[in-house]
Amino acid sequence: MGGLTVTGTGDPYPFDLITMGRIGVDLYPLRTGVPLAEAETFGRFLGGSPANVAVAAARLGRRVALISRTGADPFGAYLRTELRGFGVDERWVAEVAGLPTPITFCEMFPPDRFPLYFYRLPKAPDLEITAEEVDLEAVRAARVFWMTGTGLSEEPSRAAALAALRARGRSGTTVFDLDWRPMLWREKPQPYYERALAHATVAVGNPQECEIATGESEPYAAARALLAAGVELAVVKRGPEGVLALHRDGTAVEAAPVEVEVVNGLGAGDAFGGALCHGLLAGWELERVVRYANAAGAIVASRLACSSAMPFAHEVEEVLGRAGGV
């Protein structure tokens, strides 16, 4: 693919990673352990899982783009400015008139309680992505394509996500982040998860998300069910119990978590995802990929924000060195 030009851009080579899905503004109290009703000061950050994964990979030196939508409002302008600042190409982040840019509030009660409050009404702009608007040639050319379960929750985003998956034709690495957010669904997700898994080569999720997708929550049973559904690599994130990665070739990796003092655990999974893509792109052995992604997630869990907390490569390597990792 070395000589390929991405549609309409003049770019001489494809993106390392294209992510697709939600974006919004995160408003977090600047103190932990304070309920929203008592919080007086907040920090404003770029948010939304696919956007954060894109930032995480860009921080590690990858050429990354995001496909999403914002409102035609100041928060939308802020998000595009942030993406550019983080090194994420935002050419496919368009405005949708009449819909506000989503806002998400979080309460932070370390080490393991971080309630989220989504404001995505009447409808989130990122659910207004249409199949006709997606640059399928660029999606097909990307070395890694990342999409999420939330993108399947409503039309026309659902049709757009499935069209992108079909365009991939299981080429390169196609990641389905199971990303189960029950408050964002109005119908049963299983049929759509099954369709997405049939086109993906990698599935990533926690036990609850795996159960939604496969009916199995025990990590090994869930990983085997994801492989049976069509993927080549199943990654089950188990929080304080670490990560299980199971490949179709029989390779199994169990990685213990990296010990940190948790401040905000919400961005850890997105840091993990961006670092997972980075390691897969580098062609590392699976154990090294998972340990590296674990370390990236731990770093973000020890920080307040999500997007701006994503680590650089030297920070991940430093944590791995202290932990005796690879």
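**Strand burial, pairing and helix packing**

Analyst: Four of the five residues of strand E11 (residues 233-237) are buried, so E11 is largely enclosed by the rest of the structure. Buried means under 20% relative accessible area, with a 1.4 Å probe and protein chains only. Strands (E, at least two residues) and helices (H or I, at least four) are DSSP runs, numbered from the N terminus. This is a predicted model: local features need pLDDT of at least 70, and side-chain atom pairs count only at pLDDT 80 or more, while totals for chains, interfaces and linings use all residues. Residues are numbered from 1 along each chain, and side-chain values use heavy atoms, without hydrogens and water.

User: In which sense do E10 and E11 pair?

Analyst: Pairing needs at least two DSSP bridges between two strands. Strand E10 (residues 202-205) has four bridges to E11. Val202 stands opposite Leu233. The sense is parallel.

User: Which residue in E12 is the bridge partner of Lys237?

Analyst: Strand E12 (residues 243-247) runs antiparallel to E11, joined by five bridges. The two form a hairpin with five residues between them. The partner of Lys237 is Val243.

User: Are H4 and H5 roughly parallel or roughly antiparallel?

Analyst: The axes of H4 (residues 157-168) and H5 (residues 190-199) come within 9 Å and cross at roughly 20°. Axes are lines fitted to C-alpha atoms over the stretch in contact, and angles run from 0 to 180 degrees between N-to-C directions. Under 35 degrees counts as roughly parallel, over 145 as roughly antiparallel, 65 to 115 as roughly perpendicular and the rest as oblique. H4 and H5 are therefore roughly parallel.

Conventions
Buried means under 20% relative accessible area, exposed over 50%, partly exposed in between (1.4 Å probe, protein chains only).
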